[in-house]
Amino acid sequence: MNMIFLLIGISILLALIFLVAFFWASKSGQHDDTYTPSIRILFDDEIKNTDEN
Amino acid sequence: MLQVKETVSNTLCFHCGDSLPEQPLQLDQHEFCCLGCLGVYKLLSSHNLADYYVYNDVPGQTQRSEKFHFDYLNEPEIAGKLVDYTDQNITIITLYIPVIHCSSCIWLLESLGKINTDILSSRVDFLKKQVSITFKNTLSLKDVVELLANIGYEPSISLQDVVKGQRTEKADRKLIGKIAVAGFCFGNTMLLSFPEYFGLSGVEAEFRNFFGYLNLAFSIPVVFYSGRDYFSSAWHNLRNGILNLDFPLALGILVMFMRSIAEILTQTGAGFVDTLCGLVFFLLIGKWMQQHTYHHLSFERDYRSYFPVAVTVLENDREKPVSLEQLNKGDRILIRSNEIIPADSILLKGSAQVDFSFVTGESLPVEKVLGEIVYAGGRQLGGAIELEVLKPVSQSYLTKLWNNETFSIEKDTIGTFSGKASKYFSIVLLLIAAVSAAYWLFFDSSKALPAFSAVLIIACPCALALSSPFTLAAVLSIFDKNKFYLKNTSVVEELARIDAVVFDKTGTISNPEAAGFAFEGAISVEQRQLVNDLARNSGHPLSRELVKWLNLPAKFAVDQYREMVGRGLMGSVNGHGVKIGSRSFLGLPAGNTDGGSQVHVVIDDMYLGNFQFRQKWRPSLAAVVSKLQKSASLYLLSGDQEHDRQSLSIFFYDAGQMHFKQSPQEKLDFIKKLQHTGKKTLMFGDGLNDAGALKQSDLGIAVTDDINNFSPGCEAILDGASFGKIPAFIRQAKDAVKVIHMSFAISLVYNIVGLSFAVQGLLSPLVAAVLMPASTVTIILFTSVAARLYARKNQLL
């Protein structure tokens, strides 16, 4: 049953990593603009043939 | 699909989508309405950026009004205030560009580096309509802004940008962080508390201490980081003698924390850690719901966001840009076409055609003659003019309004229902706790402390604290769908209390879009066509209104076109000599002119009559007035002359309800007087001249027909299209207050159930852990469902 100590330790560590990741994302401004990236990802690098459908 | 595209490109400008003139300009088999649009296309295609036109049809803006003057950006003092960051090599600036509207805009603005390699990166925030540009210092700020203007994305640079702060964003991030920590701890403590609730067998009992200490560890950041604001707010309010909801909340958190420490350390129980974490988590979510922000709207605008940053001063015949604060009395300033007159001044040279629509809402320009005083805030429509400044910017007729003390006082928002109710709640709560403690001291002193703390824990008004934010947030999003944007949630409760409504006239109850003309005299359809083709060439507002109202397609080209700015137009259309304009322009005898809103028509030297410009009231005005009359007294304040008194008397029966020729200051004073009689006043306005009244009133609502346009500082912004829904909005606000009352009752029931356990000294952590989330979820469900049901009843959904 001592395994549980280890398992709980690992699970909390994992959760902490996610929490830190969230803070990092928030601090670097990833939540400031949640709309523009959804459009940006649809741009092609270079559109060559404009009439093609 | 392809065919549709072709027809579009055949009749509309390839760049901006305006209808094409008789002989459109052509390049690469595309047609353009003007040189400006063609220029932008040339620039883009030469830099391999023609993809701009692939993402959307006609993504551009019309380039007919050109001429940009950004010389002032070369003044280091002004530029220094605008940039976000600068060092020896690079500069970063964030610019607000109102025309950003489609994916092509994003794509082009983020490809600026292809046009000029010294622009290192550019990033668009679509909702805020901002672009953040990093460029090498080999480029000046002026170069960057001119490049943007040249491709049709002129940034709007105003004094308010200079002083803008990013404070709110940081506060928002902090709250999100607190929610994240509280949520993280809530989840973990719940997991660790389950074994205790379900009962530990003898073998597993060894984990009890381990789980207890872990729980305690999780509760520390929740209390001292996430829940800190409740302690400081409760303490702050107590010192000022105010008992608000934060006090029982802080007390509940504190008692729960203390009792958990005591139980876990003495190994007498499991403590209330998961309830504590859940409580703080839900409370913070409620707080977050209250901070509804609209990125595209600003409620804090004053004249500075509308005035330019600098103005051209003439000094010994040399032009020099000077920032507005440094503008002195006696300076000679040059105002070019489409620029704002920043200070009260005397016209010295040129013909002034001043559009005061931002100030008064009046859409027709006013003519000024040499030597006349021109008040600040007007936009010059004709050619360049020269003026001498009479008063510094902050002391001008309009802008001195902002020196009024009204603008330095924060509006009091304590009067909300939950604010008042929580005072009694706190007192009753403390009484019950004290009485039950006293009772147990008498009969069984070992139960006194548990009972006392249990009362404070279970009665912690979590559901109570959430009922307001969740109801009001639901109402806010319902209003939002109906194009009625509130600054914050407390505005809803303010709206429910209104018993006096004051309207501004021009632009507020009159509809600038629906303005029309009536023709006095006789004119045939062919002759209308001639007038239409002539008027099309003029940029004068009256001509544009006339063309819009005539609603005819362009048919003939105009020869020998001449325009006397502000007086009239003439030209030869399809072989007929057509003249339109004022009486003096046409050489007619002076008659009764109605403030310059007549357009007289002469075709082939024959006088046909005149088009008379008529204000039109918003179609829903009658219905709105008759509905509002039942619950509130109505008033009308107008800066105009009295000539509309007659036509308005069908809406406002009593002569005392209408006040004309009101200056901005008088409007403010009128509201003040109303408030002194005990009225809760709602003000509808639209222009800068209403800014004082909007600020002074209990609730100021700016009415605008284009949400992205300027609107003065206010508590709410209403789209003109939703003007007819005002009575429904007020009813919905009143219903929302009802919903809050009902949810208060529901959460009180939960509290009473919990209290009945607590006073008997029977409260177990499990009861608390079930009751708290149950009551919270009930309240969240009830408030959002009830608010929406009422909205359906009020036909807002």
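As the model is predicted, local features need pLDDT of at least 70 and side-chain atom pairs count only at pLDDT 80 or more, while totals for chains, interfaces and linings use all residues.

**Exercise 1. Find out how strand 22 of chain B is covered and which strands pair with it.**

Step 1. Helices (H or I, at least four residues) and strands (E, at least two) are DSSP runs, numbered from the N terminus. Strand 22 of chain B spans residues 598-603.

Step 2. A residue is buried if 20 or more other C-beta atoms lie within 10 Å of its own, exposed if 12 or fewer, and partly exposed in between, with C-beta atoms placed from the backbone. By that rule, 6 of the 6 residues of strand 22 of chain B are buried.

Step 3. In a regular strand the side chains alternate between the two faces of the sheet. Here, Gln598(B), His600(B) and Val602(B) point one way, and Val599(B), Val601(B) and Ile603(B) the other way.

Step 4. Two strands pair if DSSP finds at least two bridges between them. Strand 21 (residues 576-581) of chain B pairs with strand 22 of chain B in the antiparallel sense over 4 bridges, and Gly581(B) stands opposite His600(B). Strand 23 (residues 606-614) of chain B also pairs with strand 22 of chain B in the antiparallel sense, over 6 bridges; there, Phe611(B) is the bridge partner of Val599(B).

Step 5. Look at the turn: strands 22 and 23 of chain B form a hairpin with 2 residues between them, and Asp604(B) in this turn has a positive phi of about 50°.

**Exercise 2. Describe where chain B touches chain A.**

Step 1. Residues are in contact if their C-beta atoms, placed from the backbone, lie within 7 Å. In this sense 19 residues of chain B meet 19 residues of chain A.

Step 2. On the chain B side, helix 9 (167-198) is one of the elements supplying at least two residues, and helix 9 of chain B gives the most, with 7 residues.

**Exercise 3. Judge the confidence in chain B.**

Step 1. pLDDT is the predictor's confidence in each residue, from 0 to 100. Chain B averages 83, and 91% of its residues score at least 70.

Step 2. Over residues 1-9 of chain B, pLDDT stays under 50. Where pLDDT is low, the predicted coordinates should not be read in detail.

Key:
Residues numbered from 1 in each chain as written. Chains lettered and ligands numbered in written order. Contact = placed C-beta atoms within 7 Å.
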